[in-house]
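Subject: A structure for you to explore

Hello,

Here is the structure I promised to pass on to you. Have a look at it first, and then read my notes below with the picture open beside them.

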Amino acid sequence: MTTDLAPPRLEETPLGPKAGGFYRRQNFFTGLASGVLLAFFGWLVSHAVLQSSAWGSDMVVTVTMVTWVIGFNIGVGSFNAPFRWLRGHDQSHEDELYMAGVGQGSKRYWKFCTDHKVVGTQYLVLVLVLFGVGGTLAMMIRTQLISAHSTFLSPETYNSVVSIHGIDMIAATIIMVTGPFTNFIMPIMIGAKDMAFPRLNALSFWVVVSAVPCLLATFFLGGVNAGWTTYAPLSVQGPPAMDAFAVCIITFAISVTLSGVNIVVTAFTMRAKGMTMGRLPIFVWGSVASVGLGLYAMPAFLLSMAFVITDRAVGTSFYVAAGGGSGWLYENVFWIMGHPEVYVILLAPIAALFEVACTFARKPLFGYKVLVGAFVAICALSILVWAHHMFTTGWAPDLGGPFMVTTELISIPTGVVFLCIVGTLWKGSIWTRLPMYFLYLFLFNFIIGGVTGIYLSDVPADDYFHGDMFVTAHFHYTLLGGAMIAATAALCYWWPKITGRMLNERIGKTAFWMIAIGFQITYIAMFWEGFEGMPRRVAYYSSIFLSSNRMATGGAYLLMLGWLVLLYCLLNSLRHGERAPANPWHAKTLEWMVPTPVPLENFLVEPVITSDFYGWGEPAQPAERPEHEPELVPSLSARPTEVGGGAE
Amino acid sequence: MPDSTGQADQPKETKELSTSEEPSGSRWGAFGFLLTLVVALVVFVGVGFFFWSQTYKSPVGTEVAQNVGMATVNGVTMPHVTLYFNTYPDSAGSVNGVAIHPGGNPTWPAYGPTNEFQVPAHALVTVYVRQYDSGGSLNDPWFATVRGTVGGVEIVNGKAVRSLNPNDIAHTFTLRGAPGVDPNFFVNVPLPLAVTNNNEDYGPYCESAQYLAESSSVRQGNPCYNTVEFSFVSGSKGVYAWNCEYPCGTSVVGFGGPMSTFGYMSGFLHVV
Amino acid sequence: MSSEDLVGETESPPPIHKPFFSRPGGKIFIIWLCMTAVGVVIGVFVPKQIMPNMLSTEGHTATVTIVLFTVLAAPVAALVYAVGLYSLLAWRHRGPRDEPPPDGPPVRGNGPLTVVWLVVSTLLCLVLLVWGLAQFTAEQTPHSNELQVDVTGQQWLWTFSYPGTGVNSRTLVLPVDRPVQFNVTSEDVTHGFWVPNLGVQIDANPGEITVVRATPDKVGSFVVRCSQLCGLYHAFMWTSGAVVTSANFSQWLESQGASPATAKQVAFVTP
């Protein structure tokens, strides 16, 4: 049970089980019920009003999905506070404590809870569920591709499996570090009590949860047959599942935008005294860069999908050539999102990996300022490279040269990232615990992923490789082998703080080796397929690609087994894991200075920062006294404690 | 561990270190591990079954071509087999007690009663089609020409033709090998429309001899049809995919809906 | 040693010069050299083994680029791998796992190293850019007397027409040593016109005509595939093609319905 911040006894407050009305009974299940109810109502009304029109089916699906999203969020309590404000009431202090989960035990994980630690844990579960869905779909794909002409899946079922696998994994990797770890760890890391907008935090979580059934509904509405990129006009031609997909994306974009605003404002305004920008742990910089870039990119995604819906349901011609539109419009708007989006995926896990590197090499971060500059440069350049995904579209051939230049330039700040990791490891005391294993795997994989991207940035080589399995292997090396492995390192690193349990390292290392070896087998085979000339997104292939596909499928089964062992490791740790001390890694950042489990408002006394958190190997400095006594937190009388770097 | 010389008489440290010095942290539960694997397997198999069952499989199964003897084509003697299928304006209902496309969308046209065929390799295949559907103009008039058949012709209502008017097409039967299978094999046969879209008096669009032989009172209310017969020499062993190239579907250029759902306007030919 | 040496001497001890190869830098250099060698060998031999037969200058450019990039990537990857490997061999803390090792040296950065790293990566980048831009510009330049081929992609078949001959074929036949300009369009959705053996790829877009050029320089057969997901039968949207001599090309045109005079005229234009 959480040690709450000196609250009154539960029975003495209006927080007891009988207190409060309907608002306090709301949770995930009331959300489900309300969402289904409102969606049914929306379906009935739109069906009655629109079915006679030629576009009846698309509009009906769209309205049903939108009413589901709104209904679910009403039911789970996302809009309670605004509703009350509309009625002229505000929330009482007890209401706010209740919203923060006080007195509810584990039930608070099923509810709209403003405590950033709860939201972070909820995101962690969601991410694991999303990876489970995406991983299952991946097994379907690799099983189909075991033979050149398999009778397992029909062509459009395979296309829909591939499409949903792609978008599910993209969504999961976008939120896999900024959802769980930035939410849980970052406020503590900067010395804050919570995020800048706790209610917005919880809202962003439940909004993304409501997007998931829209995605799964596509399998029952004819399937999305246009890939995760859903190029128009093919997506305009597709079955009504495409409307559900578009609503899912729009909802997801809204959630990511809300969450991004929250994280950026928190990092800039909620830092404790003495936490200057130059003392911020690199994880905060990486998270801010990631979500900041997302704030730029996600509206483009939303826009591209909104016009797919109007082209389908209302008869506009943004993307349909016969009406004067162009598929190139879709491709441009999409990739204006699509390229920054991969850096949204990459930057936060890489930044988390740097925290792991410092802690497990027992050394300061090498090149802090240069690294922050590299993150900023990556963000800026990533906005300028999108058309390297369009080299073979025939759009603006004269721009091939400039986009080649900007794309190759991005390899320079990415190289700085490697310099800083290598520099941090240099002559360190390498402590080979489980998170460190994943750091080395990241190093191995991300180089291959990054280098193969260079091939694709060169137009003549891209003319050979675009649209074939080389591209698929490249982005799996960077996103799965790079970002996701870095996120796994972050998971193993912060698991003791989040759950209060240690992971069984023997199981973890078994999982690690299966993942590492399975991954290489699968994706080296996929590079082989790419060199041979096998196209992407095909349910059937020429028998010349048989050997490479068999190898890839075998590797994929081993890789999946490795992830299952890791899942078992997590579950086992929850049930039988050794209780974790507050700072099992003897690390230096602020989250390790608070007890586990973390108190409601994180700090028993408000910290004042006097140096950064990378003082490994440096002799302890005498703590500097601030010029003026900082203001005391009104309800406390203890003197502020100075927390700084230096040897522990 | 620091060197323990001089401390040899102290009791051995009873700190909870496992023999491998790993911070094991917990028990390895074989049962729990197997449970995780079993649950995962159940999920994979269940989801796999769900997707597998989404593929259209006709209750009639694969139509195996009937052997009707031997034939000689360009001086080469080979087995002669026959195949039958029809094309209908809607997938609901049945013909002679056989469902056209069970469980299908009733407003969508369909080939029936099955979309999977099997013929021997390097054989003369003669296909008989009854075409009941209406039609219109092709997106690409290229498909109005007969290609890949014996003699380059098809026999429509008893008359041999090399091509049809591209504005009077109901469906096509376009057949090519799966990737890598017999690159030189290709068949394209346009099927003429059987009734105009506003159901006028049938006129020249329903000229099959059988249909014309029926009395007008019988014809009234019975769906009219055209007969098409064509022959081709099957290629080497492998899977071949056929589909319709007339835009009888929905949405952009008419290739949505049934055109993009396997089983209505698409299927496989297995050459064994 | 006299007492004078012990008293009043304030010199620092002479610096120890360890030989290069027993310092970490030296050992890493050796590991790096071995890994680079392996990478270069892989780059020079493996792609050519598994890539298909290239039949055009653009195809050869693609292969050379791929080999060159692999060879240039080898030392870069090897550097990171060598340091990573060495860190596990030499600097791994060997002790009880649940006790943290002592801190490492408090090195927060190295200005000169960072500058060198940035400069070298920029130079590498420039080399790749210059190479890529040169090849790219060469491929964009039109030649004289190009054979025009109109490519139509539609769900789910490629057709090729040769303007002026009336030939509209399902297979793509090209004469050797003659520059070709493909004018590509689509009837419905976006398709990808991709001929791996010729190193050409361009999307077929409805309502647009996109252009890609190639010069076949070897006789042989090739495959045309669709590289942009286009719906149900995307996997089946492939066809065969061949690069043949001009004489054979003329014969083929005739067999597809061109008049003998037109066929000869189109096939035998000297560049």
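Helix 3 of chain C covers residues 57-90, and its 34 residues reach 49 Å from the first C-alpha to the last, close to the 50 Å expected at 1.5 Å a residue. Please keep in mind that this is a predicted model. Where does helix 3 of chain C bend? The bend is at C:Ala73 and comes to about 30°. A proline, C:Pro75, follows within four residues.

Eleven residues of domain 1 are in contact with 14 residues of domain 2 in chain C. Which element gives the most to the side of domain 1 that touches domain 2? Helix 3 of chain C does, with five residues. By class, that side of domain 1 has four nonpolar, five polar and two charged residues.

**Two sheets in chain C**

One is an open sheet of five strands in chain C, with the order 3-2-1-5-8 and mixed pairing. Its edge strands, each pairing on one side only, are strand 3 (167-169) and strand 8 (210-214) of chain C. On average, neighbouring strands here are turned by 25° against each other, direction ignored. Within this part of chain C, strand 1 (residues 147-154) and strand 5 (residues 180-186) run parallel and are joined by seven bridges. To find one of the pairs, look for C:Val151, whose bridge partner in strand 5 of chain C is C:Val184.

Another open sheet of chain C has five strands in the order 4-10-9-6-7, again with mixed pairing. Here strand 4 (172-175) and strand 7 (200-204) of chain C are the edge strands. From one strand to the next, the twist averages 20°. How do strand 9 (residues 220-226) and strand 10 (residues 239-244) of chain C pair, parallel or antiparallel? They pair in the antiparallel sense, over five bridges. C:Gly220, for instance, has C:Val243 in strand 10 of chain C as its bridge partner.

**Where the chains meet**

Chain C touches both of the other chains discussed here. The contact between chain A and chain C takes 79 residues from chain A and 74 residues from chain C. On the chain A side, the largest share, eight residues, comes from helix 15 (residues 411-425) of chain A. The residues of that side divide into 45 nonpolar, 22 polar and twelve charged.

Between chain B and chain C, 21 residues of chain B are in contact with 20 residues of chain C. The chain B side has twelve nonpolar, five polar and four charged residues.

**A few backbone details**

Most residues other than glycine have a negative phi, and most peptide bonds are trans. A cis peptide bond joins A:Ala232 and A:Pro233, with omega about 0°; A:Pro233 sits in the loop between helix 8 (198-217) and helix 9 (234-237) of chain A. In chain B, B:Gly112 and B:Pro113 are joined by a cis peptide bond, with omega about -5°, and B:Pro113 lies in the loop between strand 6 (110-112) and strand 7 (116-119) of chain B. Lastly, A:Arg362 has a positive phi, near 55°, and is found in the loop between helix 12 (327-361) and helix 13 (368-382) of chain A.

Enjoy exploring!

How values were computed: Residues numbered from 1 in each chain as written. Chains lettered and ligands numbered in written order. Predicted model: local features only at pLDDT ≥ 70, side-chain atom pairs only at ≥ 80, totals over all residues. Contact = placed C-beta atoms within 7 Å. Nonpolar A, V, L, I, M, F, W, Y, C, P; charged D, E, K, R; others polar. Expected span 1.5 Å × (residues − 1). Bend = angle between axes of the 7 residues up to and from the residue. Pairing = 2+ DSSP bridges. Axes fitted to C-alpha atoms, helices over the stretch in contact; angles between N-to-C directions.
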